[in-house]
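Hello,

Here is the structure I promised to pass on to you. Please open it alongside this message, and then read on for what turned up in it.

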Amino acid sequence: MDFDSSHRTAQIDTFLAKAGWGDATRIPLGQDASTRRYIRLVRPDAARALLMDAPRIEADPCPPEADEALRNQMGWNAQTRLAASRVDAFVLLAGFLAEHGLRPPQIMAHDTAAGLALIEDFGDGREIARQIERGLVDETEAYVAAADVLTKIDALPVPVHLEVGSEVWPILEFDRLALATNADLYADWLPVQAGGGALEGKLRARWEAERDALIQQAMAFPRGLTLRDFHAENLLWLEGGQIGLLDFQDAVKGWDAWDISMLTQDARRAVSPEAAEAAISHYVNTTGKDRAAFDERLAVIGALNALRIAGIFARLMIRDGKPRYGLFQPRQLSILARNLSHPALEGMAAFVRETTPFVFEAKP
């Protein structure tokens, strides 16, 4: 569906009128990295809100009962993401997080079938990345506050599904297929960045063996609720140092180390070693986890995640003609190399050093 089609405009007009925002001025804020866009609404009484415009144009998310064959047939969302840019996922997860004392935007109205939601407007420039850049918040303070949110999430049960009225959204388990398909982005694209081709034949078989060894380690780790995209661009610094949450609709039953790795191993900005260590120490000490065991989980999960992201960046540069991702890739490769330095990843480290040695030469 075209965002600017007359049919879509009519749907939005009807939705806003019903919600009491039909007379609001509309200020487009642009499309995000998915199939969503946001429009700021300002009523004559100066009240403000955001319209989330998320038409249901993506491939379907993974059905809870789907086996691997069906998921492979359905495609990327079912294989690896397990979710989609769905309003019902955002709304139900926002309610769950708010119920447990966290700070997603308030939901004022929504229409799941139309892919529209009226949500709280936190304001401009609240992302902790922007706040740190402008000197409005200390980096270490912000990262510790973000890690504290994860200590609260760590204590939550992982629901099988969320249900409000007639709407139900499953919280699926991030599994072997999801990890393997995501990690394969490295094998398909990073050698191409070096001027070669995707790994094939004996090299591909060796890659799959090393990949599966990492996945086997990951599958033995304890599970917990994982928001998936927990980083400084999606975390907002609100009044009183409270952390506002965005982009949590892809939440799954994952691992404690996933969100910490997204927070402290960020290709988008150089997280200082001091801030990263303060965040990890706060999380480990508050939750009572064993530091050595957590560091191993962080290296394994962080490496699987870094293989995925490095492959995505290479694909964006090569296939999609988006050279700006080359600005992020050196930092991402250094993140991958750092994770591979852990003794638990000796086999994968040797393989990456053989097939793409430039990973270990990257300067962030």
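Predicted model: local features only at pLDDT ≥ 70, side-chain atom pairs only at ≥ 80, totals over all residues.

Below is a short tour, going from the whole protein to a few single residues.

**The whole protein**

The fold is built from 13 helices and eleven strands. Its radius of gyration is 21 Å, close to the 21 Å that the globule rule gives for 364 residues, so the protein is as compact as a globular protein of that length.

Of the 364 residues, 54% are buried. Among contacts with a separation of 6 or more, 68% are between residues 24 or more positions apart. The accessible surface comes to about 15,800 Å², and carbon and sulfur atoms hold 51% of it. As for charge, there are 39 positive and 52 negative side chains, with the centres of the two sets 2 Å apart.

**Two buried arginines**

Start with Arg71, which you will find in helix H2 (residues 68-74). Its relative accessibility is 5%, and because anything under 20% is called buried, Arg71 falls in that class. What does the side chain of Arg71 reach with a polar atom? One such atom lies 3.0 Å from the backbone oxygen of Gln79. Setting aside residues up to four places away in sequence, Arg71 also touches several others, including Cys62, Leu82, Asp175 and Leu177.

The second one is Arg269, in the loop between helix H9 (256-264) and H10. Arg269 also counts as buried, at 15% relative accessibility. Which side chains does Arg269 meet through polar contacts? One is that of Glu139, at 3.0 Å, and another is that of Tyr143, also at 3.0 Å. Beyond its neighbours within four places in sequence, the residues in contact with Arg269 include Ala129, Ile132, Ala232 and Arg331.

Helix H10 (residues 273-287) holds Thr286, a residue that is partly exposed at 44% relative accessibility. Thr286 and Thr151 are 135 residues apart in sequence, yet their C-alpha atoms are 6.8 Å apart in space.

For another pair, look at Glu99 in helix H4 (residues 87-99). Glu99 is exposed, with a relative accessible area of 62%. From Glu99 to Phe313, which is 214 residues away along the chain, the C-alpha separation is 36 Å.

Most residues other than glycine have a negative phi.

- Ala46 is not a glycine, but its phi is about 75 degrees. Ala46 sits in the loop between strand E2 (37-42) and strand E3 (48-53), and at 55% relative accessibility it counts as exposed.
- Asp247 has a positive phi near 55 degrees. Its place is in the loop between strand E10 (243-245) and strand E11 (252-255). Is Asp247 buried or exposed? With a relative accessible area of 18%, Asp247 is buried.

That is the tour; enjoy looking around.

Best wishes

Definitions and conventions. Residues numbered from 1 in each chain as written. Heavy atoms only, no water. Helix = DSSP H or I, 4+ residues; strand = E, 2+ residues; numbered from the N terminus. Rg over C-alpha atoms; globule rule 2.2 N^0.38 Å. Buried < 20%, exposed > 50% of the residue type's maximum accessible area, 1.4 Å probe, protein only. Contact = heavy atoms within 4.5 Å. Areas by Shrake-Rupley, 256 points an atom, 1.4 Å probe, with all protein chains shown as cover. Lys, Arg positive; Asp, Glu negative; His and termini not counted. Charge placed at Lys NZ, Arg CZ, Asp CG, Glu CD. Polar contact = N/O pair within 3.5 Å; in protein donor to acceptor, adjacent residues only side chain to side chain.
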